[in-house]
Each structure stands twice: as C-alpha cells, then as structure tokens.
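I am opening my notebook on a structure I have not looked at before. Come along while I look things up one by one.

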Amino acid sequence: MSLQVFCKIALALNISADTLLFDEDERGPSDDLRMQFEALSQGASTPKPS
C-alpha cells in the first residue's frame, strides 16, 4: 500500500494514521513518564533529575 493510499484511508475514516498503524497500548508515554504526568495533574511535585 502506498503512503498516498494510506493517507486517503485515514482521511476517509476520519482517524489518525497512528490509529491505523499502532495498537491502542502500543503508543504513549512510558510508565515512568505516565506516573510523572499523573503526579503533576494531582498537584504533587516530582523530584528533578540531578
């Protein structure tokens, strides 16, 4: 499948190319980064790397 066809499929389905290419859990932040995001969203301060 060419890139052009792939883009047309994504546009026709109104979804991102990432959705077509990757599983739901395959993309996203690492567990460490996810925990830092959660801590920040709850107002906790995270230690800064030295």
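These are my entries, from the overall layout down to single residues.

**Entry: the overall layout**
I noted to begin with that this is a predicted model. I looked up the secondary structure and found three helices and zero strands. Going along the sequence, I read the pattern as α-α-α.

**Entry: surface and burial**
How much of the protein is buried? I found that buried residues make up 6% of its 50 residues. The accessible surface comes to about 4,800 Å². Carbon and sulfur atoms account for 54% of that surface.

**Entry: a nonpolar patch**
I then asked which residues form a nonpolar patch on the surface. My list reads Met-1, Val-5, Ile-9, Leu-13, Ile-15 and Leu-20. Together they have about 540 Å² of accessible area. Helix α1, residues 3-13, gives the largest share of this patch, with three residues.

Leu-13 has its place in helix α1. Is Leu-13 buried or exposed? Its relative accessible area is 51%, so I wrote it down as exposed, given that exposed means over 50%.

Ile-9 also lies in helix α1. Which residues does Ile-9 touch, once its neighbours within four places in sequence are left aside? I found Met-1 and Leu-20. Ile-9 and Leu-20 sit 11 residues apart in sequence. In space I noted 9.1 Å between them, C-alpha to C-alpha.

Next I stopped at Asn-14, which I placed in the loop between α1 and α2. Its phi is positive, about 55°, although Asn-14 is not a glycine.

Glu-24 has a relative accessible area of 79%, so I marked it as exposed.

Note on methods. Residues are numbered from 1 along each chain as its sequence is written. This is a predicted model: local features need pLDDT of at least 70, side-chain atom pairs count only at pLDDT 80 or more; totals for chains, interfaces and linings use all residues. Side-chain values use heavy atoms; hydrogens and water are left out. Buried means under 20% relative accessible area, exposed over 50%, partly exposed in between (1.4 Å probe, protein chains only). Helices (H or I, at least four residues) and strands (E, at least two) are DSSP runs, numbered from the N terminus. Accessible areas come from the Shrake-Rupley method with a 1.4 Å probe; for residues, only the protein chains shown count as cover. Patches are made of residues with over 30% relative accessible area and no salt bridge: like charges are joined within 9 Å, nonpolar side chains (Val, Leu, Ile, Met, Phe, Trp, Tyr) within 5 Å. A salt bridge is a side-chain nitrogen of Lys or Arg within 4 Å of a carboxyl oxygen of Asp or Glu. Contact means heavy atoms within 4.5 Å.
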